[in-house]
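Reader: Thanks for sitting down with me. Could you walk me through the labels used for this model?

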Amino acid sequence: MLLREYLTEYTKEELLDQARSFEIKKCSGLRKADLINRIVDTFCAEEMLRSRLACLTKEQMDLFRKACISPTAVSVNEVVDAM
């Protein structure tokens, strides 16, 4: 499931909470779809991804790269072990 699809399952209030956690401003007046777009754009911005990935261990980063290349090739057990 893609991030955008996953976020559609949230209520607007839950999405606003997520936006606040990312310090996204001026979101309260947005429609749900626009709010989802703003969250996805912010979360997937290069600087945000760099800051989130910087804390990964080498093994976790290797697993992340594997998942980017072939998401179905990563097992749940690999993810659990990496945590």
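Predicted model: local features only at pLDDT ≥ 70, side-chain atom pairs only at ≥ 80, totals over all residues.

Reader: What makes Phe 43 count as partly exposed?

Author: Its relative accessibility is 27%. That value lies between the limits of 20% and 50%, so Phe 43 is called partly exposed.

Reader: And why is Phe 22 called buried?

Author: Phe 22 has a relative accessible area of 17%, which is under 20% and therefore buried.

Reader: How many aromatic pairs does a search of the whole structure find?

Author: There are 2. Rings of Phe, Tyr and Trp (its six-membered ring) pair if their centres lie within 6.5 Å; planes under 30 degrees apart count as stacked, over 60 as edge-to-face and the rest as tilted.

Reader: Why is the pair of Phe 22 and Phe 43 tilted?

Author: The centres are 5.4 Å apart, so the rings pair, and their planes stand at 55°, so the label is tilted. This pair links distant parts of the chain, 21 residues apart: Phe 22 sits in the loop between helix 2 (12-21) and helix 3 (32-43), and Phe 43 is in helix 3. Helices here are DSSP runs (H or I, at least four residues), numbered from the N terminus.

Reader: What makes Tyr 6 and Tyr 10 an edge-to-face pair?

Author: Their ring centres lie 5.6 Å apart, within the 6.5 Å limit, and the planes meet at 65°, which is over 60, so the pair is edge-to-face. Tyr 6 has a relative accessible area of 40% and so is partly exposed.

Reader: Which labels do Cys 27 and Cys 55 get, and why?

Author: Cys 27 is at 4%, so it is buried. Cys 55 is at 60%, which is over 50%, so it counts as exposed. The structure holds 0 disulfides, a disulfide being a pair of cysteine sulfur atoms within 2.5 Å.

How values were computed
Residues numbered from 1 in each chain as written. Heavy atoms only, no water. Buried < 20%, exposed > 50% of the residue type's maximum accessible area, 1.4 Å probe, protein only. Helix = DSSP H or I, 4+ residues; strand = E, 2+ residues; numbered from the N terminus.
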